[in-house]
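This report describes the architecture of a single protein chain. Please examine the sequence and the structure below before reading on.

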Amino acid sequence: MAAAPDHRQQQPAGASSSSPRLRVHDTTLVAPSPSPPETSLPLTFFDIIWLNSPPVERLLFYRLAPDADVAATISNLKVSLHQAIHAFYPLAGRLRLTPGTSDRYELYYCPGDGVTFTVAECDGDDADIDGLATDDPREVAKIAKLVPPLPQGGGVLALQATLLPARRGLAIGVTVHHAACDGSISTHFLHTWAAGCKGAEARPPPPVIDRTLLADPRGLYDVFVQAAPSTDEMEFVKLSADQLFATFTLTKDDLLLIKDAVADEASRRGVAPPRCSSLVATFGFVWSCYERAKESCGSDDEVTTMAQILFPVDHRSRMKPPLPEKYLGNCVGPAFGKVPKTELLEAEGAGGLFSACAAVASGIDEAVRGIGTPSMDAWLDRIREAGSLLTVAGSPRFRVYELDFGFGRPMKVDIVSVARTGAVAVAESRSSAGGIEVGVSLKPAGMERFQKCFADGIALLHQRT
């Protein structure tokens with residue numbers, strides 16, 4: 001058992017004096033049970049892209065029953081974690097430079113390694129479950145302390161269970177190094193842990209741990225390890241004390257209206273409509289709102305004439321041969337949407353929305369066609385050249401609102417780390433079947449502008465009917 005680091009109990013400079021206070025009860029190392037043998041998994045070209053990226057921080061809020069046995073709840077989480085991490089044992093290891101090499105990295109697991117599991121308690125008027133799990137803007141500082149830091153020495157996974165005031169709520173914080181795995185696998189781990197904790201009869205299938213399944217005939221590892229962005233380049237936003245986080249929901253009806261507006265605009269222009277799935281509609285709408293919010297305040301990149309968005313595409317099924325759906329590692333590549341700002345900001349009708357959705361759909365098509373071709377070599381160069389752009393984290397396919405550990409589904413799930421990367425986070429809507437929710441982190445003035453642009457956009461869509 002390790003003592004709680006002192007800095008975890010301090011408030012960030014400039015934070016409100018009413019900011020929740022965190023008291024760490026203990027931090028333990030939870031090892032896989034039974035212990036797997038010593039293993040080294042080499043990083044692949046998909047993994048090395050994320051070598052210097054900030055960790056992904058996900059936060060799940062749960063309301064506890066008034067008569068909940070809190071001690072038993074925490075104990076069940078820890079006991080079931082031993083079993084869950086056994087199936088995902090590379091995540092109990094650490095990221096290191098492969099011995100005897102200068103640019104080859106690996107996930108190394110040694111018997112006795114484990115995942116840090118912190119038990120904490122939060123108090124203060126601003127730590128109430130209803131205030132923290134709201135869609136409304138709240139200070140990032142109030143929720144950031146509920147996710148644990150990665151352990152020093154190359155650890156790739158850390159977990160934290162934080163009891164909220166009067167023990168009415170529980171926050172489960174999950175921090176993952178992106179070089180170890182992508183969101184598909186980190187959430188697969190969470191589903192496995194939740195099923196074990198709940199005692200569910202049906203359990204998710206185990207991950208496939210075999211890096212030989214991913215061939216690299218183009219030598220992309222060497223290309224990417226040289227071009228991998230530095231830590232400073234990957235962390236786009238320096239957190240300020242007043243940074244806010246809020247969630248915006250597009251209902252199923254909203255998404256249908258976006259699709260109809262795009263189809264009508266295509267008809268008006270006499271062109272074929274773009275393939276406009278619910279995800280394309282979400283990205284297009286949020287991107288247009290984001291650019292309008294920036295434009296209304298006169299952004300720093302006024303010399304940039306192009307608006308750009310970058311979002312991940314899972315390529316497991318597109319590899320040759322295809323990778324298993326539950327392959328443990330990274331297998332996502334970038335898709336780029338690009339459109340002149342003047343088109344995206346078109347004031348009249350649905351022109352801007354059409355341009356945004358068409359660019360997103362085109363970006364997906366280009367990403368899919370590019371697998372196995374020389375265009376992959378330029379992925380990181382394109383990211384660098386893009387400069388200022390909107391990025392996306394998460395996916396509705398991860399089903400995060402089905403993560404029931406035995407005390408109900410989460411009230412709220414946030415990807416807190418988008419506050420550092422400047423991305424927007426997407427997930428399935430918890431309140432609207434068929435809808436999608438989007439997490440956005442901005443400073444107060446920017447959040448106010450984005451809220452207005454989002455509300456105005458929804459109102460215009462509904463006025464069309």
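## Model and confidence

This is a predicted model, in which local features need pLDDT of at least 70 and side-chain atom pairs count only at pLDDT 80 or more, while totals for chains, interfaces and linings use all residues. Residues are numbered from 1 along each chain as its sequence is written, and side-chain values use heavy atoms, with hydrogens and water left out.

The mean pLDDT (the predictor's confidence in each residue, from 0 to 100) of the protein chain is 91, and 92% of its residues reach 70 or more. Over residues 1-17 the pLDDT is below 50, and this stretch has 23 contacts in the model beyond near neighbours in sequence; a contact means heavy atoms within 4.5 Å. Where pLDDT is low, the predicted coordinates should not be read in detail.

## Overall form

The protein chain has a radius of gyration, taken over C-alpha atoms, of 22 Å.

Buried residues (under 20% relative accessible area, 1.4 Å probe, protein chains only) make up 54% of the 465 residues. Of the contacts with a separation of 6 or more, 80% are between residues 24 or more positions apart.

## The sheet and its helices

The protein chain contains 14 helices and 16 strands, defined as DSSP runs of H or I (at least four residues) and of E (at least two), numbered from the N terminus. Seven strands form an open sheet with mixed pairing, in the order S7-S10-S16-S15-S13-S11-S12; two strands pair if DSSP finds at least two bridges between them. Strand S7 (138-139) and strand S12 (332-340) are the edge strands, each pairing on one side only.

Helix H12 (residues 379-386) packs on the sheet, where it touches strand S11 (306-314) and S12, and its direction makes about 40° with that of S12. Angles run from 0 to 180 degrees between N-to-C directions, with axes fitted to C-alpha atoms, for helices over the stretch in contact. Helix H14 (residues 444-463) lies across strand S10 (244-250) and strand S16 (436-442), running at about 5° to S10.

Strand S13 (residues 390-394) runs parallel to strand S15 (residues 424-428), and three bridges join them. Val392 stands opposite Val424 in S15.

## Thr116

Thr116 lies in strand S6 (residues 115-123). Thr116 is buried, with a relative accessible area of 17%. Not counting residues up to four places away in sequence, Thr116 touches Thr27, Thr28, Leu29, Pro151, Leu157, Ala158 and Leu159.

How values were computed:
The radius of gyration is taken over C-alpha atoms; the globule rule is 2.2 Å times the number of residues to the power 0.38. Buried means under 20% relative accessible area, exposed over 50%, partly exposed in between (1.4 Å probe, protein chains only).
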